[in-house]
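Please consider the structure shown below.

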Amino acid sequence: MAITDKIYVKNHRQLASQLDTSIPKGAFKGATLDLLFQGEGLEKLDDASRERVLEFAQDFLDCDCDTNPYCGCPERKFMRYLLELRAEGLGPEAIVDVMSDDYMVYAYPGDVLSFLDDSVRTLEAIEALASVEDDDEAERAAAAKKRELSG
């Protein structure tokens with residue numbers, strides 16, 4: 001299961017009440033993405049909530065794919081965001097706090113930790129394969145990214 005399947009809308013019930021509709025709790029579920037992408041009813045949200053929802057849409061749903069927002073770009077952008085937060089030295093709990101403040105979404109710190117651990121393991125595999133293929137540049141790049149994420 002991808003980390004984006006474990007990202008949830010903070011204050012889900014409050015937002016659904018303000019929008020006067022039901023939305024899934026998952027931030028990357030189809031109905032949630034539809035609501036954000038189409039922007040229908042967002043004027044019903046209080047100013048602070050609307051600002052964060054629009055920032056989320058702008059930062060993660062902005063791409064030129066024909067199938068946007070179902071193209072996978074929003075999920076890839078969000079995973080990159082999480083990895084960037086880790087590269088800044090934040091741990092799983094701090095990452096959850098930042099994503100919550102930035103976009104009104106949350107995850108469990110253990111899920112974020114598992115995602116980060118999986119990312120490091122993937123980089124280790126890339127590093128090993130690059131070594132076997134004598135691709136020094138790819139090996140160095142993977143090792144550098146791994147050090148970034150390992151803190």
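The questions and answers below set values against definitions.

This is a predicted model, in which local features need pLDDT of at least 70, side-chain atom pairs count only at pLDDT 80 or more, and totals for chains, interfaces and linings use all residues. Residues are numbered from 1 along each chain as its sequence is written, and side-chain values use heavy atoms, with hydrogens and water left out.

Q: What makes up the secondary structure of the protein chain?
A: The protein chain has seven helices and two strands. Helices (H or I, at least four residues) and strands (E, at least two) are DSSP runs, numbered from the N terminus. From that end, the order of elements is β-α-α-α-α-α-β-α-α.

Q: Why are α3 and α5 called roughly perpendicular to each other?
A: The axes of α3 (residues 47-60) and α5 (residues 92-103) cross at roughly 105 degrees and come within 7 Å. Angles under 35 degrees count as roughly parallel, over 145 as roughly antiparallel, 65 to 115 as roughly perpendicular and the rest as oblique. The two helices, α3 and α5, are therefore roughly perpendicular.

Q: Which residues make the contact between α3 and α5?
A: Arg 52, Glu 55, Phe 56, Asp 59 and Phe 60 of α3 meet Asp 101, Asp 102 and Tyr 103 of α5. Contact means heavy atoms within 4.5 Å.

Q: Why are α4 and α5 called oblique to each other?
A: Their axes lie 10 Å apart, and the packing angle of α4 and α5 is about 125 degrees. By the angle ranges above, α4 and α5 are therefore oblique.

Q: Which residues of α4 and α5 meet?
A: In α4, Phe 78, Tyr 81, Leu 82, Leu 85 and Arg 86 meet Ile 95, Val 98, Met 99, Asp 102 and Tyr 103 in α5. This contact of α4 with α5 has eight nonpolar, no polar and two charged residues. Ala, Val, Leu, Ile, Met, Phe, Trp, Tyr, Cys and Pro count as nonpolar, Asp, Glu, Lys and Arg as charged, and the others, Gly among them, as polar.

Q: Which residues of α6 are buried?
A: Among them are Val 112, Phe 115, Leu 116 and Ser 119. Buried means under 20% relative accessible area (1.4 Å probe, protein chains only), exposed over 50% and partly exposed in between. The buried residues of α6 pack against α4 (73-87), α5 and α7 (136-150).

Methods:
Axes fitted to C-alpha atoms, helices over the stretch in contact; angles between N-to-C directions.
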